Amino acid sequence: MTKLPTAGTLRPARTETRTLGSVEVTVQDRDRTRPFLLLHGGGGVATMAGFADLLAERTHSRVLLPTHPGFGGTPKAAELTNVVDLARLYVALLEELDLTDVTVVGNSFGGWLAAEIALLESPRVSGAVIIDAVGLEVEGHAPTDVRGLSLAEIQAYSWHDPSKAPVAPAGGTAPSPDIAALIGYAGPAMTDPTLAKRLGGLDLPVHVVWGESDGIVTPDYGRAFAAAIPLSKFTLIPRSGHLPQVETPEELLGALLDLGGVA
């Protein structure tokens, strides 16, 4: 089980001088409520909601989890035509909320989106965590095309242990990817041939985290993603697939907070 971080491990004390009228006061700030922006993938906001609760509870952080416009039946503005458009929307959201020192965390399509947000170089974003992302063109390792696959087939690609995948409630249907909304942003190939070159200029700490059993985008794809980013770290999570935040949330939390215990 992941341990709670000890005092001072989430972020260092910051010292700043503020002017109050004609008086300057130097203040050490030990605020531990750093904000996180969590970005879901094609499976929708439900694939990230449980982890958002876990992260907020364990770290007492402010955790934002938007539903991407167009997912889950929500309206999508006509001007949102690609991943970069959506990235700009979320940077505007951080501006509107006046947040700083934000860590952006995204899974799958949300991981690609996190990378695009980092590339916008907003001073409000201090780092990114990219989890089993799509978006990169890697020779010999194209993302699995889930169009036309049954839910059982998608789960077989997505889970280390498919028996842990969500099942349909009585009289209902099991959760499945929102393919139309996903393709609307990412395109049918779910890659951008310009992304690798653009990531090479990224000057921001990025943690690339991957499930060792991911059949949608393999660990070798994840290593290529990390290799494209100068200030990156790569962590492989054992016994996990494409959705570590659902299948192995404790291990993912440990990796996100750099508490060790993940190979």
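The lining of the largest pocket contains 15 nonpolar, ten polar and no charged residues, where Ala, Val, Leu, Ile, Met, Phe, Trp, Tyr, Cys and Pro count as nonpolar, Asp, Glu, Lys and Arg as charged, and the others, Gly among them, as polar. This is a predicted model, in which local features need pLDDT of at least 70 and side-chain atom pairs count only at pLDDT 80 or more, while totals for chains, interfaces and linings use all residues. Residues are numbered from 1 along each chain as its sequence is written, and side-chain values use heavy atoms, with hydrogens and water left out.

The volume of the largest pocket is about 430 Å³. A pocket is an open set of points on a 1 Å grid over the protein atoms alone, where a 1.4 Å probe fits, with protein on both sides within 12 Å along at least five of seven lines; lining residues have an atom within 4 Å of a point. The volume is the space filled by probe spheres set on the points, which are joined across faces, edges and corners. Among the 25 lining residues, Gly 43, Thr 47, Ile 154, Pro 177 and Leu 243 are the closest to the centre of the largest pocket. Helices α1 (46-59) and α4 (151-158) each supply at least two residues of this lining, and α4 gives the most, with four residues.

The protein as a whole has nine helices and eight strands; these are DSSP runs numbered from the N terminus, helices being H or I of at least four residues and strands E of at least two. Of its 263 residues, 46% are buried, that is, under 20% relative accessible area, with exposed meaning over 50% and partly exposed in between (1.4 Å probe, protein chains only). Among contacts with a separation of 6 or more, 72% join residues 24 or more positions apart, a contact being heavy atoms within 4.5 Å.

The interior can be followed through its nonpolar cores, each a set of buried Ala, Val, Leu, Ile, Met, Phe, Trp, Tyr and Cys residues joined through side-chain atoms within 4.5 Å. The largest has 46 residues, and Leu 37, Ile 117, Leu 199 and Phe 225 have the most contacts inside it. Helix α3 (residues 109-119) gives the most to this core, with seven residues. Another core, of 16 residues, lies apart from it and includes Leu 38, Phe 51, Val 105 and Leu 252. Leaving out residues up to four places away in sequence, Ile 117 touches Leu 37, Leu 39, Ala 87, Tyr 90, Val 91, Val 104 and Val 125. In helix α9 (residues 249-256), the buried residues include Leu 252, Leu 253, Gly 254, Ala 255 and Leu 256.

Pro 66 is in the loop between β4 (62-64) and α2 (83-97), and counts as buried because its relative accessibility is 16%. Beyond its neighbours within four places in sequence, Pro 66 is in contact with Leu 37, Leu 38, Leu 39, His 40, Val 45 and Tyr 90.

Asp 98, in the loop between α2 and β5 (102-107), has a positive phi near 55 degrees in a residue other than glycine. Asp 98 counts as exposed because its relative accessibility is 55%. Met 190 lies in the loop between α5 (179-186) and α6 (195-199), and its phi is also positive, near 55 degrees. Met 190 is buried, with a relative accessible area of 7%.
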